[in-house]
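Here is a briefing on a predicted model.

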Amino acid sequence: MSKKEDVLRKPDWLKIKLNTNESYTGLKKMMREKNLHTVCEEARCPNIHECWAERRTATFMILGDTCTRACRFCAVKTGLPTELDWKEPERVADSVQLMNLKHVVVTAVARDDLKDGGAAIFAETVRAIRRKNPFTSIEVLPSDMGGKEENLRMLMDAKPDILNHNIETVRRMTPRVRARAKYDRSLEFLRRAKEMQPNIPTKSSLMVGLGETWEEILEVMDDLRANHIDIMTIGQYLQPTKGHLKVEKYYSPDEFKELQQIAISKGFSHCEAGPLVRSSYHADEQVSAAAKHKQLLGEQEAQEA
């Protein structure tokens, strides 16, 4: 088989519309002026034009742009990180204010070089955004921070509105896909977050197309629900460069729709599933869905009492 035949051709449903209007160019200019990074750019997210140009939302990536891990699916660069920038939380908060965001997602590169995994700056970023933007909901998307409970507690004590940590792939493929991360450690991280702050929704994301089976996807759903995760997103893995893992399968929109229906039937309060869905895709809508689900459960419990 030739190299050309060995690479799956992208289906039509993965084509995206580029929109570089003033909102897009203005936001990009502001990010550079503030010396801020976004996962939208660093991870080459396919939804960047929709989010920046139409929805005017963005996912800030703190703690620098260099990750200490080298996951085989991720386009973020790997190497020795820069020193900590303690002025970064205020710059992020100022940018959220300038953008007048209703919902903001804050993620970060993995910082295994730090004892706290970056938890202190993560927590301070949440507090800074809250001080300057009291009506903005805040979602955090950290690494597993080394699996240390004290690091997670530091972040949860800042009380973000949603705690998001991605499982990324199925159990069998975790060693091949994720560097240094462990499937069960991610589940434990999410479970502990819920135990620390029961009222804060938890969320996780799964990529498909890496060679997993349908049954393994359903197993991930069951594992997440067994650890009380509220929200799930499911998206198509796209190979960022030739040096990354190849796409083994492109799932159809109908398959994603079926996965979404199955996830809801298993008890998730909300599930986004689609070819271009990423962890932060339509995150603002997920906050509302989680709040409505929580209210509905409260009403049901009151009626049963």
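How many salt bridges does a search of the whole structure find? The search finds 19 salt bridges. The structure is a predicted model, and side-chain atom pairs count only at pLDDT 80 or more.

**Salt bridges around R131**

- E90 and R131 form a salt bridge, with their closest N and O atoms 2.7 Å apart.
- E90 sits in helix α5 (residues 88-99) and R131 in helix α6 (residues 119-132), so this pair ties together parts that are 41 residues apart in sequence.
- E90 is partly exposed, at a relative accessible area of 27%.
- R131 also forms a salt bridge with E124, where the closest N and O atoms are 3.1 Å apart.
- E124 is partly exposed too, with a relative accessible area of 22%.

**The E139–K203 pair**

- E139 and K203 meet through their side chains in a salt bridge of 2.8 Å, N to O.
- This pair links distant parts of the chain: E139 belongs to strand β4 (residues 137-141) and K203 to strand β6 (residues 202-208), 64 residues apart.
- Is E139 buried or exposed? E139 counts as buried, at 0% relative accessibility.
- K203 counts as buried as well, at 0% relative accessibility.

- Salt bridges with shared partners join E90, D94, E124, R127, R131 and K132 into one network.
- Side chains of opposite charge can pair when their charged atoms come close.

- Strand β3 (residues 103-108) runs parallel to β4, and five bridges join the two.
- V104 has I138 in β4 as its bridge partner.
- From β3 the chain crosses through α6 to β4, in a right-handed β-α-β crossover.
- β4 also pairs with strand β5 (residues 162-164), in the parallel sense, over two bridges.
- V140 has L163 in β5 as its bridge partner.
- The path from β4 through α7 to β5 is a right-handed β-α-β crossover.

- Six of the six residues of strand β7 (residues 231-236) are buried, so β7 is largely enclosed by the rest of the structure.
- Which residues of β7 point to each side? I231, T233 and G235 are on one side, with M232, I234 and Q236 on the other, and all are buried.
- β6 pairs with β7 in the parallel sense over six bridges.
- S204 stands opposite M232 in β7.

- Five of the five residues of strand β8 (residues 270-274) are buried, so β8 is largely enclosed by the rest of the structure.
- H270, E272 and G274 point one way from β8, while C271 and A273 point the other way. All of these residues are buried.
- β7 and β8 pair in the parallel sense over five bridges.
- I231 stands opposite H270 in β8.
- I234 has A273 in β8 as its bridge partner.
- β7, helix α11 (residues 253-265) and β8 make a right-handed β-α-β unit.

- How many cavities of 30 Å³ or more does a search of the whole structure find? The search finds one.
- The largest cavity holds about 40 Å³ of space.
- G147, K148, E149, L152, R185, E188, F189 and R192 form its lining.
- α7 (149-156) and α9 (183-196) each supply at least two residues of this lining.
- Which helix gives the most to the lining of the largest cavity? That is α9, with four residues.
- By residue class, the lining of the largest cavity divides into five charged, two nonpolar and one polar.

Definitions and conventions
Residues are numbered from 1 along each chain as its sequence is written. This is a predicted model: local features need pLDDT of at least 70, side-chain atom pairs count only at pLDDT 80 or more; totals for chains, interfaces and linings use all residues. Side-chain values use heavy atoms; hydrogens and water are left out. Buried means under 20% relative accessible area, exposed over 50%, partly exposed in between (1.4 Å probe, protein chains only). Two strands pair if DSSP finds at least two bridges between them. A crossover is right-handed if, with the strands pointing away from the viewer, the path from the first strand over the helix to the second runs clockwise. On a 1 Å grid over the protein atoms alone, a cavity is a set of points where a 1.4 Å probe fits but cannot get out, and a pocket is an open set with protein on both sides within 12 Å along at least five of seven lines; lining residues have an atom within 4 Å of a point. Grid points are joined across faces, edges and corners, and a volume is the space filled by probe spheres set on the points. Ala, Val, Leu, Ile, Met, Phe, Trp, Tyr, Cys and Pro count as nonpolar, Asp, Glu, Lys and Arg as charged, and the others, Gly among them, as polar. A salt bridge is a side-chain nitrogen of Lys or Arg within 4 Å of a carboxyl oxygen of Asp or Glu.
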